[in-house]
Structure formats: structure tokens, C-alpha cells
Amino acid sequence: LLFDVPRPSALVQIGKNEGFAMVAPALPGGLYADDDIARTVSLAKPLAEALASLHSLRPSVLQRTGVPDYSVDECRQHIHAEIDEAAESGVIPPSLYNRWEGILDDVNLWRFTPRVVHGALSAECLWLKPGKVCAISDFSRAHVGDPAEDLAWVVSIATDEFLDAFIDAYAKARRLDDTSALIERSAFMGEIALVRWLLHGMHAHDQEIIEDARGLLRELADALDETAAEASDQAPKPGPDDADPDQANQPTERVDMNQLTERVDMNEVFGR
């Protein structure tokens, strides 16, 4: 790996019946906020290379520890189940549900080799110095699965300049010729983070989180509808023989999730 990780030194008992706390040396570097990371384009390359080094680990490194090990189909089924559970609440806009179903059914997007994944990446996990990723912490949700899960947070907060530099460095580090499907899945995972935020509220019976997630999902649907309408207005009008029956299923442009969720702690959303 190109970064340090927490290295357990000891276990300390907490009280008589409260279990133990793991003690580790302090990690190098410091924590940045989402906005600080997104504005610091010089971090795009080191962050991309750090995540690429994680995603390039042999899956057997984790598989022999007994952590979850998901196939491609299991990754899709898990997301499908989350969407269906959330849809039962009646707060998922139909346009979002149909969009997500289309993405899950697009087999071209779901051709990847499961890799080692952090699973809860956010700014609170990254220990940084100018131009350097010193360490990554909180591997409690590490598993073998879709690397797009880790890139979702990056895609959600990144400016266009940051994302271009990040994708270029990540592709070179992993020797990927085409990252289009990976990035589209990552943007999709960013949207699904809002579903997970809703489910967290439902499971915790927290009406404030439920209402917050409901509002974010409505705003996301409106933003996607607006983006699709703008793209339709700018596209050349097809003739009667040029109509594309699959046009409704074509991917839309990336929505600025950071702007959409500026009133929410995205570290908490992605940590879910």
C-alpha cells in the first residue's frame, strides 16, 4: 500500500463488562473537510494512487480473514434489495426508481473483477499532508466487492478539475484502458448513498433523518430531470427514422452531489 493504516499495539479493558478498546499509534497527517479536499486539486493524483494501490491488492489478502466476499451479482442484488426496501416507504420518486432499475439491468456497467474495498470511505478516514495521502483509517467495513463503492464519495464531492485529474491518475495506476463504466457506477453509488441514509433513518426510527433523506431524494430527482431536459434541448432533433428506442435509458450527466447535500454531513452519509 502507498499509505499507512492503523497498527494495533494493545487492547485495553474498558470497565468490568464493557469489552476492550484497541490502542494504536497516532496516524501521520491531519484531517481535511470535503470542501478542502475538493478544492485541493494537488490531492487528486495521490488520492487516486492510494486508492488504486488498495484496489490492486490480491483479494486473498482479505478473503482469508473471513470478511464479506461479494461476487458481481451479489453486489447488484444487495443494491437492488436496498432500493426495494426504501421504495416500500413510498418516498422514492418514480423517475429515480426507474433510472436505478435501468442502471442495475445494464450488464455492460457490471462487468468488473471484485477487488479489496474500504467500504466506508469519507474525509474522516483520510489522513493528509499537502500533496500526500499519509494514511487511511476505519477499515471496519472492508470487503471484497465493487471498487466503485470507494470512488463514489470522490465522484460526489469532486469538482470537474479534481475529478479529471483523479480519473486520469487512477486509470494509469491500475492500468485501465476504459474507466467509463467504473465512473458511472461510482456516480450511481453516490446516489444510492442517499437511499442508505434513508434506510438508516428508517431502521433507527429517526424521523428527522427520514425527512432529510426524503428531501434529498426529491432534489436529486429534480436535478436529474433538469439535466436531462437541458441535454435534450441541446441535442440535434432526430428525424422520424433516427429515433433511438433506448434513448430513455441513456446515462445522464453527473449531478453535483456536494452542492445537493451541502446541508448534510456527507461523511456520515457515506459512512453508512
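Mentor: Begin just after helix α7, where Arg-175 takes a positive phi of about 55°. Keep in mind that this is a predicted model.

Trainee: How many helices and strands does the protein chain have?

Mentor: The protein chain has 11 helices and 6 strands. Of its 272 residues, 43% are buried. Taking contacts between residues at least 6 apart in sequence, 77% join residues at least 24 apart.

Trainee: What should the 15 residues of α7 span, at 1.5 Å a residue?

Mentor: The expected span counts 1.5 Å for one less than the number of residues. Helix α7, residues 160–174, should therefore span 21 Å, and its end C-alpha atoms are 21 Å apart, which agrees. The 12 residues of α2 reach 16 Å from first C-alpha to last, close to the 16 Å expected.

Trainee: Which residues of α7 are buried, and what do they pack against?

Mentor: Buried here means under 20% relative accessible area. In α7 the buried residues are Phe-162, Leu-163, Phe-166, Ile-167, Ala-169, Tyr-170, Ala-171 and Arg-174. They pack against α1, α2, β3, α6 and α8.

Trainee: How many of the 12 residues of α2 are buried?

Mentor: In α2, 10 of the 12 residues are buried, so that helix is mostly covered. Among them are Pro-46, Leu-47, Leu-51, Leu-54 and His-55. The buried residues of α2 pack against β3, β4, β5, α6 and α7.

Trainee: Now salt bridges. How does spacing along a helix matter?

Mentor: An α-helix has 3.6 residues a turn, so residues three or four places apart point the same way. In helix α1, Asp-36 and Arg-39 are 3 residues apart, which is about one helical turn. These two form a salt bridge, with the closest N and O atoms 3.0 Å apart. Asp-36 is partly exposed at 33% relative accessible area, while Arg-39 is exposed at 58%.

Trainee: Which residue forms a salt bridge with Lys-172?

Mentor: Asp-168 does, with the closest N and O atoms 3.3 Å apart. Lys-172 and Asp-168 are 4 residues apart in helix α7, again about one helical turn. Lys-172 is exposed, at 59% relative accessible area, and Asp-168 is partly exposed, at 41%. A further case lies in helix α9, where Arg-214 and Glu-211 are 3 residues apart; their closest N and O atoms are 3.5 Å apart. The count of salt bridges comes to 8.

Trainee: How many residues lie between β1 and β2 in their hairpin?

Mentor: There are 6 residues between β1 and β2, and Gly-15 in the turn has a positive phi of about 65°. These strands also run antiparallel, joined by 4 bridges, and Gln-13 has Phe-20 as its bridge partner.

Trainee: Which residues form a nonpolar patch on the surface?

Mentor: Leu-11, Phe-20 and Met-22 form one, with about 370 Å² of accessible area together. Met-22 is in strand β2. The protein chain exposes about 14,400 Å², of which carbon and sulfur atoms supply 49%.

Methods. Residues numbered from 1 in each chain as written. Predicted model: local features only at pLDDT ≥ 70, side-chain atom pairs only at ≥ 80, totals over all residues. Heavy atoms only, no water. Helix = DSSP H or I, 4+ residues; strand = E, 2+ residues; numbered from the N terminus. Buried < 20%, exposed > 50% of the residue type's maximum accessible area, 1.4 Å probe, protein only. Contact = heavy atoms within 4.5 Å. Areas by Shrake-Rupley, 256 points an atom, 1.4 Å probe, with all protein chains shown as cover. Pairing = 2+ DSSP bridges. Patch = residues over 30% accessible without salt bridge, like charges linked within 9 Å, V, L, I, M, F, W, Y side chains within 5 Å. Salt bridge = Lys/Arg side-chain N within 4 Å of Asp/Glu carboxyl O.
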